[in-house]
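Please keep the sequence and the model open alongside the text.

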Protein chains: 4
Amino acid sequence: MEASKTDKRSAILTAALEIFAENGFHNSPTSLIAQKAEVGTGTIYRYFESKDDLIEALHQDLEQKIHSVLLNNVPENAPIRERFIRIHANILNFLINNPFEFKFLEQYFNSPFGIEKKREKASGCDSPLALLFCEGIQQQIIKDLPEPVLFALSFGPVIFLVRDHIQGSFNLTEDIMLTTLSASWDAVKR
Amino acid sequence: MEASKTDKRSAILTAALEIFAENGFHNSPTSLIAQKAEVGTGTIYRYFESKDDLIEALHQDLEQKIHSVLLNNVPENAPIRERFIRIHANILNFLINNPFEFKFLEQYFNSPFGIEKKREKASGCDSPLALLFCEGIQQQIIKDLPEPVLFALSFGPVIFLVRDHIQGSFNLTEDIMLTTLSASWDAVKR
Amino acid sequence: MEASKTDKRSAILTAALEIFAENGFHNSPTSLIAQKAEVGTGTIYRYFESKDDLIEALHQDLEQKIHSVLLNNVPENAPIRERFIRIHANILNFLINNPFEFKFLEQYFNSPFGIEKKREKASGCDSPLALLFCEGIQQQIIKDLPEPVLFALSFGPVIFLVRDHIQGSFNLTEDIMLTTLSASWDAVKR
Amino acid sequence: MEASKTDKRSAILTAALEIFAENGFHNSPTSLIAQKAEVGTGTIYRYFESKDDLIEALHQDLEQKIHSVLLNNVPENAPIRERFIRIHANILNFLINNPFEFKFLEQYFNSPFGIEKKREKASGCDSPLALLFCEGIQQQIIKDLPEPVLFALSFGPVIFLVRDHIQGSFNLTEDIMLTTLSASWDAVKR
DNA sequence: TATGAATGAGCATTCATTCAT
DNA sequence: AATGAATGAATGCTCATTCAT
């Protein structure tokens, strides 16, 4: 009748996510995380080597979650523009509906953690988005620009909008979302 | 023949900027900042009320620096497109040539500090960029979208590119820069 | 076989009492207290919210100790004079045998802590001593003076003597003690 | 037309007295004292070797002030009782009218400073009060008790009353003052 | 396996004192 | 003589991590 092994691990992850998102990594004592997860302080260290390791694990989890959301309702044979918009809408919706996750990621990528991670990746010509860009370039539908540039053009605006929306300085409606993605498309299309 | 009164203050600011950029706010002991600035620990507190106050001052300084750079070589009567590209190029160049400043700002805007600041501003229909958008919309050259959206479309990509460049995952040449800004313009133009 | 839960708390209290008494509140680093109590610095903060809180707790403890000593061997139906002398002898003996406690209290009542406490109390017509005075006044055995005056007349000398004795400038024998309390009685009796 | 040498010294002493009385020795930065005295921080160290030295000097000043007040209106040939009451009234009035001085002394005598001083003195059979006691004992008007005991009996109540009055927990009228001193006399008289 | 009491290194901040001007 | 900017030792408190139970 006890919680299963994985239950505690994920209880810790869930608690940590929320607390990190709200307080920042450095204002989130492990003791507080343990408390919210309803486990002992020491228990965290049975599942994670250190606080840093916990943060890393959280990031991995999120990366996978996003990956799994990316291609929802993206028919392989749909036109490139449609797929482009669909993919970005997927991410945008995910982030808006999961503000803790968004805040966590923003912090993560602005910390020594994220910096490292990015350096490791670098040449990630493997993501669905990268593939889409390749395809579009070959078909001469998308501008022949380096992948990071296309990524910046299409993804940068998404992040900015989500940030504004979550901070409450701007209300992102379904309508505006689609118009924006459409404009984003104008940037990358030929 | 000694350092002038302001010298110490700016030595502290310079040292702090660099250390904050490299280690993050929370891994930057005031003692380390003092050491790098070649002043006593206590001296920091003659010029700044607290570490937070130092961070704030640094932000104010940067804000002004950026503001002063924004309109370089932007002839008032130039076409909107040209002014748009010029302004973004100014910021982009500034950030690329001042990586410490960029890293500091990234952190700042992902911390309680930046959040607060943003909330205060919010309705910033006063920046040169906002004015340019207004003008463009009136002249039916720029899409009739809310200012935050236009801002996201044009500014988001810039930030992403600078980040990549500074992290070393991508080398941003003058050429690519201009092509990117041109694509950015495609996103906001009618 | 290890120390019980309360052991550490009281080890801290004991160490703190002694160090405060000898060095004063402000010359008693928490680190020194921890060292003497043979616990880690941080441990103090598991039992007390702050150094101030520790001081407060120490005072509460002492107040109770004194209260429990006050009425030793004070038969309820003994003559008022006898009870008066007995009570004062009890306190006097307690203070002389517990010089750390005495020095602590002297400091406490000359600090913001003590001042506050006194203001809260003020109308303490509840102590055994106050009751004794009331009774004595009614029976026209004790002068009809305000309670603070009677308190000053009987308690002031006690404190002065203890101070002298503990400072070593005067040796308080059992004999002198009783003579003094008898003289003190002369001051309050009709 | 500049302040004379002594002016600065006494400005510092006056400022220090007030600040010490209000904030305690340890919450009274020398910089604050200097500010209130309208001198530079460093100037304090031209007149006093250290903060401790300043405290010591303040005490010496006060001791002398009290000494000079002690024998006001005390006719040498008046009866012992009258002189006893007069002397105590003098001190009591001085302390009540000079609360800063009182608070300073209370602190002083409960700090390492005061403790030392007392140990040095010890056998002070030289004060006017001590002489009065000697005389009274010889004339068999005052109880034959050691001087510290007589001192405690007569002086202890005075201090307690002043403390209550200054703390505001009790209003000491001229009337009560005299009644109290009269009761105090009952304690020491044969 | 899970716990949480204990630890102590680490940090922001204060302030007595010095010394160049 | 007077100043006050500069100093850095000292201190209260936090929190990641360990380990005995």
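## Salt bridges

In this predicted model, Arg163(D) forms a salt bridge with Glu106(D), and their closest N and O atoms are 2.9 Å apart; the term salt bridge stands for a side-chain nitrogen of Lys or Arg within 4 Å of a carboxyl oxygen of Asp or Glu. Arg163(D) belongs to helix α9 of chain D and Glu106(D) to helix α6 (residues 99-109) of chain D, so the pair ties together parts that are 57 residues apart in sequence. Helices here are DSSP runs of H or I with at least four residues, numbered from the N terminus. Arg163(D) is buried, with a relative accessible area of 9%, and Glu106(D) also counts as buried, at 10% relative accessibility. Buried means under 20% relative accessible area, exposed means over 50%, and partly exposed lies in between, with a 1.4 Å probe and protein chains only.

Over all chains, a search of the whole structure finds 24 salt bridges. In one of them, Glu18(C) pairs with Lys36(C), with the closest N and O atoms 3.2 Å apart. Glu18(C) lies in helix α1 (residues 5-23) of chain C and Lys36(C) in helix α2 (residues 30-37) of chain C, so this pair ties together parts that are 18 residues apart in sequence. Glu18(C) is partly exposed at 21% relative accessibility, and Lys36(C) is partly exposed at 42%. Lys189(D) forms a further salt bridge with Asp186(D), where the closest N and O atoms are 3.4 Å apart; Lys189(D) is partly exposed, with a relative accessible area of 31%, whereas Asp186(D) is buried, at 18%. Elsewhere, salt bridges that share partners join Lys143(A), Asp186(B) and Lys189(B) into one network.

## Aromatic rings

The count comes to 38 aromatic pairs over all chains, where rings of Phe, Tyr and Trp (its six-membered ring) pair if their centres lie within 6.5 Å, and planes under 30 degrees apart count as stacked, over 60 as edge-to-face and the rest as tilted. The rings of Phe160(C) and Phe151(D) have centres 6.2 Å apart and planes at 45 degrees, so the pair is tilted. Phe160(C) lies in helix α9 (residues 147-167) of chain C and Phe151(D) in helix α9 (residues 147-167) of chain D, so the pair joins two chains. Phe160(C) is buried, with a relative accessible area of 8%, whereas Phe151(D) is partly exposed at 26%.

Arg163(C) lies over the face of Phe160(C), 5.1 Å from the ring centre, and in chain B, Arg163(B) lies over the face of Phe160(B) at 5.2 Å. A charge sits over a ring if NZ of Lys or CZ of Arg is within 6 Å of the ring centre and within 35 degrees of the ring normal. In chain A, one aromatic cluster is formed by Phe20(A), Phe25(A), Phe104(A), Tyr108(A) and Phe109(A).

## Nonpolar cores

The largest nonpolar core has 126 residues, and those with the most contacts inside it are Phe20(C), Ile33(C), Phe104(C), Phe20(D), Ile33(D) and Phe104(D). Such a core is a set of buried Ala, Val, Leu, Ile, Met, Phe, Trp, Tyr and Cys residues joined through side-chain atoms within 4.5 Å. Not counting residues up to four places away in sequence, Phe104(D) touches Leu17(D), Phe20(D), Ala21(D), Phe25(D), Ile55(D), Leu58(D), His59(D) and Leu62(D), contact meaning heavy atoms within 4.5 Å. A second, separate core of 102 residues includes Ile87(B), Ile91(B), Met177(B) and Leu181(B).

## Relation between the chains

Chain B can be laid on chain A with an RMSD of 0.3 Å by a turn of 178 degrees and a shift of 0.1 Å along the axis, which is the relation of a two-fold axis. The same surface serves both copies, as 100% of the contact residues of chain B recur in chain A. The superposition is by least squares on the C-alpha atoms of residues with pLDDT of at least 70 in both copies.

Chain D is superposed on chain C by a rotation of 178 degrees with 0.0 Å of shift along its axis, at an RMSD of 0.3 Å, and 100% of the contact residues of chain D recur in chain C. Chain A and chain D do not touch, their nearest C-alpha atoms being 30 Å apart, and no contact joins chain B and chain D, whose closest C-alpha atoms lie 13 Å apart.

## Basis of the values

Residues are numbered from 1 along each chain as its sequence is written, and chains are lettered from A and ligands numbered from 1 in the order in which they are written. In this predicted model, local features need pLDDT of at least 70, side-chain atom pairs count only at pLDDT 80 or more, and totals for chains, interfaces and linings use all residues, while side-chain values use heavy atoms, with hydrogens and water left out.
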